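Dear colleague,

I am passing on the structure we spoke about, together with some notes on what came out of looking through it. Please have it open beside you as you read.

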Amino acid sequence: MLLSRSWRAVSVLLSEGLSPAWKQTRNHAAAARLDLRGIYPPIATPFTPQEDVDFQKLEENLQKYAKIPFRGLVVQGSNGEYPFLTEEERVEVVKAVRRSLPADKLLMAGSGCESTKATIQLTQKMAAAGADAVLVVTPCFYKGKMNSPALVQHFTKVADNSPVPVVLYSVPANTGLELPLDAVMGLSEHPNILGLKDSGGDITQIGLIVHKTKTQDFQVLAGSAGFLMAAYSVGAVGGVCALANVLGREVCELEHLCVSGRLEEARALQQRLIEPNAAVTRKLGVPALKQAMEWFGFHGGACRSPLQPLTEAETQQLRRDFCSNGWL
């Protein structure tokens, strides 16, 4: 469905702090909205020694992930090295995952590009490739100009023209840009914008977003396992967690403990996940995630250039972060 309604004028209203009336359209859209609750690994992209996408190793990873109680998979997120893939490769990876993924599992595909036009085109291709929803990162190359009106206009046009629901993606560690609260509040009213993946880790901000959008059926996903319990405590419904590529069952167990109110057990598990999570995200990044995947029986392998493999000292630090918490 193409949502080419009067939403195109809404960016002006939102920039002035006004809110349009969406009752009729939202009532229609809410009936078919996806339930995002649960854990999603943002899967890595395996490469051959020649740096081509290794679809065989990808399939082998997918078969192992199928045995873990994930809600679904995120494909072509930051941990999939999407900036280093061509558009054709990005779409082909999504197609491959869709062929392998059980029908009851959600496929969320990253379709963000720097321009609105390119994002719309890739979003439509991702939907055709089998994505149930798209994850759209904030454009950031001209981040000094990416204020609320610009971002509202961008995401509105994408959502208007997307055949599948849109999830906003704020990852300031990579983009240098946090999606402003006023923009999120306004965009939450769009009938084809489903929620937000927040990787910033500011729990007060996450809690405020949940509070300010609670009448809009807007779903917030924690963008890291390091603050998953805290995010649940302020109203998040799930998480897109890099660490789930490695410790998928454990991250799913943390989710279960949180939603079932077993807080002492959840706290103990959360504390043991903080250091390894930090190691494969902000500390050592995707090369560390791929190395840890190898230790735990998955295909990680090398990154695509210009990302470099870990040094020996970094590898030893990574192992310590897992060993000291009882995972290796």
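Predicted model: local features only at pLDDT ≥ 70, side-chain atom pairs only at ≥ 80, totals over all residues.

Strand S4, residues 133–137, and strand S5 pair in the parallel sense over four bridges, and within this pairing Leu135 stands opposite Val167 of S5.

Because five of the five residues of S5, which spans residues 166–170, are buried, the strand is largely enclosed by the rest of the structure.

The next position comes from an annotation. The unreviewed UniProt entry places a feature called "binding site" at Val240, a residue found in strand S8, residues 238–240. With a relative accessibility of 0%, Val240 counts as buried. Leaving aside neighbours within four places in sequence, the residues in contact with Val240 are Tyr40, Pro42, Val74, Lys197, Leu221, Ala222, Gly223 and Ser224.

Asn61 lies in helix H3, residues 55–65, and counts as buried at 3% relative accessibility; not counting residues up to four places away in sequence, Asn61 touches Pro46, Met293, Phe298 and His299. Glu88, by contrast, belongs to helix H4, residues 87–100, and counts as exposed, since its relative accessibility is 61%. The C-alpha atoms of Glu88 and Leu122, which are 34 residues apart along the chain, are separated by 9.6 Å.

I turn now to the aromatic rings, where the count comes to four aromatic pairs, taking rings whose centres lie within 6.5 Å. One of them is formed by Phe141 and Tyr142, an edge-to-face pair with 5.0 Å centre to centre and 85 degrees between the planes. Phe141 is exposed, with a relative accessible area of 63%, and Tyr142 counts as exposed as well, at 60% relative accessibility.

How are the planes of Phe296 and Phe322 arranged, stacked or tilted? Their ring centres are 5.6 Å apart and their planes stand at 50 degrees, so this pair is tilted. Because Phe296 lies in the loop between helix H13 (285–295) and helix H14 (312–323), whereas Phe322 lies in helix H14, the pair ties together parts that are 26 residues apart in sequence. At 24% relative accessibility Phe296 counts as partly exposed, while Phe322, at 0%, counts as buried.

Tyr65, Phe70 and Phe298 form one aromatic cluster, and Phe298 is also one of the residues that Asn61 touches.

With best regards

How values were computed: Residues numbered from 1 in each chain as written. Heavy atoms only, no water. Buried < 20%, exposed > 50% of the residue type's maximum accessible area, 1.4 Å probe, protein only. Helix = DSSP H or I, 4+ residues; strand = E, 2+ residues; numbered from the N terminus. Pairing = 2+ DSSP bridges. UniProt positions renumbered as here; feature names shortened; annotations may be inferred. Contact = heavy atoms within 4.5 Å. Phe/Tyr/Trp six-rings, centres within 6.5 Å; stacked < 30°, edge-to-face > 60°.
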